[in-house]
Amino acid sequence: MLDCKFIDTDNMISSKLHLSCCNGDLEQVKEYVNIDNINEIITVFKETEDDHWTLIQCEELTPLICAVQNNHLSIVKYLYEQGANIYILQPLRMATHYKHFTIVDYLLNILIRKYDSICAKKSSPSSSLSLWYEQSASTWLEALPIGNGYMGGMIYGGYPHEIIQLNSDTLWAGCPHDYSNKDAFNYLSRIRQLIQNEQWIDAQTILTENFFGKPICQAPYQPVGNLLIDFFHQSSSKKLLLQPTYSDSNGCSYQRTCFASYPDNCMVYHVQSSTPNAINSVISFSSPQKIKISVDKSNTLIVDGIGGDCETMPGSIRFRLLINVELDGQCDLLDDRLIIFSSSFFILRIVIATSYINYSNVNGDEILLSEKMLEKCLQLNYDLLMQRHLNDYQSLFSRVRLNLGESSAMRQPTDRRIQVFSQNPNLDPQLPTLYFQFGRYLLISSSRPGSQAATLQGIWNDSMSPPWQSKYTININIEMNYWLAGPANLVECYQPLFDLIHDISQTGQTTAKLHYGTKREGSWVCHHNTDIWRGTAPVDDAVYGTWPMGGVWLCKSIIDHYLFTNDKDNLLRYYPILRSAAQFFIETLIKSSNYLLTNPSMSPEVAHHVQLNAVVCAGPTLDILLIKDLFTAVIETSILFDIDAIFRQEVQQTLEQLPPIQIGQVGQLQEWFEDWDQVADLHNRHMSHLYCVFPGSSVTDEPSLYHDAALRSLDLRGILIPSTGWSLAWKSNIWARLHQSSTAFQLLCMLLTPTHTAPNLFDLIDGPPFQIDANFGATSAICEMLLQSHKNRIELLPALPRTSWPTGFVYGLLARGNYEVDIRWTDGVLQGAKIISLSNRKSCHIVYGEKELILENLLSGHAYHLDSFLQLIQSN
C-alpha cells in the first residue's frame with residue numbers, strides 16, 4: 001500500500017487560506033481569502049513511501065486545488081464566485097483523478113460555455129450540393145442526417161455543445177408478437193352483409209371491436225439516445241471567444257468531420273485542432289430508454305439498454321452502444337463519461353448492436369456483436385475508414401448528375417433559400433437540384449442491403465412515441481419511399497423492402513387464415529401497416545385499417561425492380577410471394593353485381609359518404625387496379641419462366657371477372673365501385689383511384705376516355721389546394737405522367753416552402769411533424785419530368801417545365817428495359833441524349849415530342865449518342 005500525505009519544510013501548510021481549503025472550513029476561507037491570495041500558488045511536497053523507498057515530489061497548490069483534492073464543493077463554488085481561476089484546467093484534472101463527481105459536474109458546467117448562436121460563416125461552401133447554415137441547430141428539424149442503413153445520426157453542429165442523436169434500425173418497442181385476432185373470422189360474414197346492405201357504420205363498429213388486431217396499435221420505432229460532446233478550453237482568462245471559424249481566443253481553429261460508414265457499419269466523428277494539445281472535451285450520453293453506462297480501459301464508453309414497452313408487449317430488444325476514443329492526449333475515465341485533456345485530435349468510433357435477429361427472435365448477443373464491430377473498426381485508421389466510406393457511397397450517389405440552372409441564391413444559407421424559393425422559384429433554380437440529390441442521399445443513408453427498410457421517418461427518430469409510430473404505413477407512404485429507387489438509379493436500395501415483403505408473406509399467412517378463413521397453403525395478406533414484428537392484421541381503427549391490399553402494393557416494387565434491371569433471378573426468387581398473394585384473392589374475392597370484389601375494404605382513408613364518416617365498402621377502384629397489376633405480373637412471370645401453367649389459368653380466369661375502371665356521372669374516374677364521388681370527401685389528400693396514372697400505368701397521357709376522366713378527378717380533388725407534403729409529391733408525379741409540366745412543377749414548388757420543408761430539408765406533413773415520403777416522392781417527380789419509360793419506350797423531357805428549367809442536363813437516370821440515359825437541353829429544347837444499354841436488347845423505342853427513333857440490336861455496355869433531331873450520331 002502507498003501512504004500519501006502533504007508536508008512542507010516545517011511539516012505543515014503555512015498558508016491559512018490553503019489549510020482552510022484542505023480542511024473544508026468555509027467560514028475560515030471567507031475570513032482569509034482576498035484578491036491577492038485567491039490564486040496564490042504555494043509549494044508543498046508529496047511524500048510517497050513503500051517498503052524500500054521514500055519518494056518526495058514537489059507540488060504546486062492553489063486554494064482551489066486544495067478544495068478540489070479534498071472534495072469540498074461548497075468551498076470550490078465560493079472561490080470561483082470570488083474570482084478563482086478554474087481555466088488552467090488543473091482543478092478539473094484533479095477532480096477527475098479523484099473521481100469527485102459533483103465537483104467535476106460543477107467545473108464542467110462553467111467551462112463549457114453555452115452560446116446562444118454561432119457567428120456567421122464568412123463564405124458559402126464550394127460544393128453546390130452542400131447544406132449549410134449560419135448557426136448550429138437548436139431543434140431536431142434543424143439538425144442534419146447521416147446514416148448507413150443500420151444506424152442513423154442527427155448532427156446538431158453545436159459548439160461548444162455538440163449533440164448527435166442516434167438511432168439503430170432494429171431498436172423498436174415491444175416483443176415478438178402476432179397481432180392476428182383468433183376470433184376475427186367469426187365476424188367476417190356479418191361484416192360483409194352489413195356492407196352489402198349499406199350499413200357501413202355498423203360494419204365499422206364491428207370491425208374495430210371484433211375484427212381488428214390485438215393489440216389494435218402496432219409498435220413504434222424508437223431512439224437510442226443522444227451522444228453529447230462538450231468542448232472546453234484552457235485559458236488564463238474567464239473570457240472565451242467563439243470565432244466564425246470555430247477558433248478560440250488564442251486563434252486555434254477546429255475542424256469536425258462526421259460520417260456513417262456502410263462497409264464498416266460504424267459512425268466516425270473526427271475533431272482536429274490547428275494547434276497541438278488544444279482540444280479538451282467531455283464525451284457523455286443520455287437516453288429516454290432504460291440504460292446503464294460504464295467505461296473500460298480501452299477509452300470506450302459503453303451504453304447498455306433495452307427498448308420500451310408497447311401496449312401489452314414488454315420491451316425486449318436489448319442494445320449496446322460503444323463509443324471509442326482515439327487521441328494523442330489524456331483521457332480520464334469516469335463512471336459515465338470520458339474526459340479528454342490536451343489532445344491535438346480525437347476520433348470517435350461509434351457502433352450499435354441489438355439483440356434483434358428477426359421478427360420472431362430477439363435472442364442475439366448484442367455484446368459480442370458490438371465488440372466484433374468495434375474491433376473491426378479499430379483495425380482501420382481514420383483515413384482508411386473515410387476512403388472505404390467514400391468509395392461505397394460514391395458508387396451509388398455519383399451515378400446521377402443533375403443541373404437545372406444556378407443563381408446567386410446558392411450562396412445563401414439553406415434555410416434562407418427555402419424562404420426565397422417559396423416567394424419566387426425562379427430566383428433559385430438550383431434548389432430543386434439540391435432537393436433531388438438530397439432525396440437520393442436519404443435513401444442511400446436509410447436503406448441498404450442487410451438493413452431494415454426505410455420507415456415513415458427513414459432511419460431518423462428522436463421520440464419514444466413518434467407520429468404514426470414511425471413504422472411502415474403501406475397504403476401509400478412506404479411505397480412512395482421507393483419510387484425513386486429505379487429511375488434515380490439506386491436499385492440496390494430496394495433490398496431491405498424485399499426482405500420486409502418476404503417477412504410479411506410469412507406472418508401474413510396466419511392473418512389470412514384467422515381473419516379470412518383461407519385454406520390454401522401460403523395465402524397471405526397484409527393490411528395498411530406493419531412494424532418490426534411484421535404485423536399484418538388490420539390495426540388502428542376501421543376508418544384507417546380496413547384495407548387488405550398493403551402487401552399487394554408493396555409487391556409492385558418487385559415488378560418495378562425487374563422492369564428497370566431485367567434481373568430475372570431476382571424476379572424468380574420472389575415469384576412465390578407474388579403467387580401466394582394472388583392466391584389469397586382467388587380465395588377471398590366475393591361475387592357482387594356479376595364481378596369479383598374485395599369485401600371488406602376501403603379507398604384508403606377517404607369517406608365515400610363524408611357526412612356519415614362511412615369508409616368501408618366493397619371493391620374500391622384502387623383494390624381492383626392493384627389486383628389486376630398483381631395478376632398480370634403473375635401471369636407474365638409464369639409465362640417468362642414457363643412454370644405454373646395450371647395456376648396461371650386460374651389467375652387469368654379470376655382476372656377476367658374483375659370490374660373495369662368506371663367513369664362516373666360527372667365524367668370522373670370513379671373512386672369506388674359505386675358512383676359516390678360527389679358525396680365523398682372530395683378534397684382528401686389520398687389519390688388512390690389515380691394509381692392507374694401513377695405509380696401504375698394503365699392510364700397514360702394518350703387521348704382516351706380514361707385520360708379525360710383522370711383529369712376530371714384531379715380537378716375535383718383540387719389541383720393546387722393545400723395538402724400534406726406526401727400528397728403534393730404524389731400529385732406532382734401524376735401530373736408529370738400526364739405531361740402537364742406546369743402543374744407538376746407548381747406542385748413541386750408547393751413542397752419547397754417553410755410549411756412543407758424544414759430547415760434541414762426534411763419533409764413536413766403540414767408544418768411539423770417530419771415524414772420522409774415526400775422527400776423521396778419529390779425526387780421521383782423530378783425524374784418523371786425529365787424521363788419516362790412506362791409505355792415500353794423511353795420518353796425524353798416529357799414534362800420539362802421549360803420556363804423554369806430552360807437549360808440543363810441530367811446524366812445517369814435509369815429507364816425501364818435496363819438503360820442509363822443522359823439528356824441535355826438548351827432554351828427548353830433537347831440538345832442531345834445518350835442511351836447506354838446495360839443488357840443486350842433487340843430494340844429500343846425513343847421518343848422526344850413528335851420525334852421517334854427505334855434502335856435495334858443493342859449491345860450491353862454500348863452507348864448510343866443522339867442529336868437534337870433524335871438521330872443516331874455515334875455508337876460506342
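Helix α21 contains 13 residues and reaches 19 Å from its first C-alpha to its last, close to the 18 Å expected at 1.5 Å a residue. The model described here is predicted. Because 13 of the 13 residues of α21 are buried, this helix is largely enclosed by the rest of the structure. After α21 comes His739, whose phi is positive, near 65°.

The partner considered next is helix α22. The axes of α21 (residues 725–737) and α22 (residues 741–751) come within 8 Å and cross at roughly 165°. Angles over 145 degrees count as roughly antiparallel, and α21 is therefore roughly antiparallel to α22. Their crossing is left-handed. On the α21 side, the residues that meet α22 are Gly725, Leu728, Ala729, Lys731, Ser732, Trp735 and Ala736. On the α22 side, they are Thr743, Ala744, Leu747, Leu748, Met750 and Leu751. The residues of this contact divide into nine nonpolar, three polar and one charged. In an α-helix there are 3.6 residues a turn, so residues three or four places apart point the same way.

A second pair is formed by helix α16 (residues 550–565) and helix α17 (residues 568–588), which pack at an angle of about 155° with their axes 10 Å apart. That angle makes α16 roughly antiparallel to α17. The crossing in which α16 passes α17 is left-handed. From α16, the contact involves Val552, Cys555, Ile558, Ile559, His561 and Tyr562. From α17, Lys568, Asn570, Leu571, Tyr574, Ile577, Leu578 and Phe585 take part. By class, the contact of α16 with α17 comprises ten nonpolar, two polar and one charged residues.

Terms used. Residues are numbered from 1 along each chain as its sequence is written. This is a predicted model: local features need pLDDT of at least 70, side-chain atom pairs count only at pLDDT 80 or more; totals for chains, interfaces and linings use all residues. Side-chain values use heavy atoms; hydrogens and water are left out. Axes are lines fitted to C-alpha atoms, for helices over the stretch in contact, and angles run from 0 to 180 degrees between N-to-C directions. Helices (H or I, at least four residues) and strands (E, at least two) are DSSP runs, numbered from the N terminus. Angles under 35 degrees count as roughly parallel, over 145 as roughly antiparallel, 65 to 115 as roughly perpendicular and the rest as oblique. A crossing is left-handed if the near helix is turned anticlockwise from the far one by less than a right angle, and right-handed if clockwise. Contact means heavy atoms within 4.5 Å. Ala, Val, Leu, Ile, Met, Phe, Trp, Tyr, Cys and Pro count as nonpolar, Asp, Glu, Lys and Arg as charged, and the others, Gly among them, as polar. The expected span of a helix is 1.5 Å times one less than its number of residues. Buried means under 20% relative accessible area, exposed over 50%, partly exposed in between (1.4 Å probe, protein chains only).
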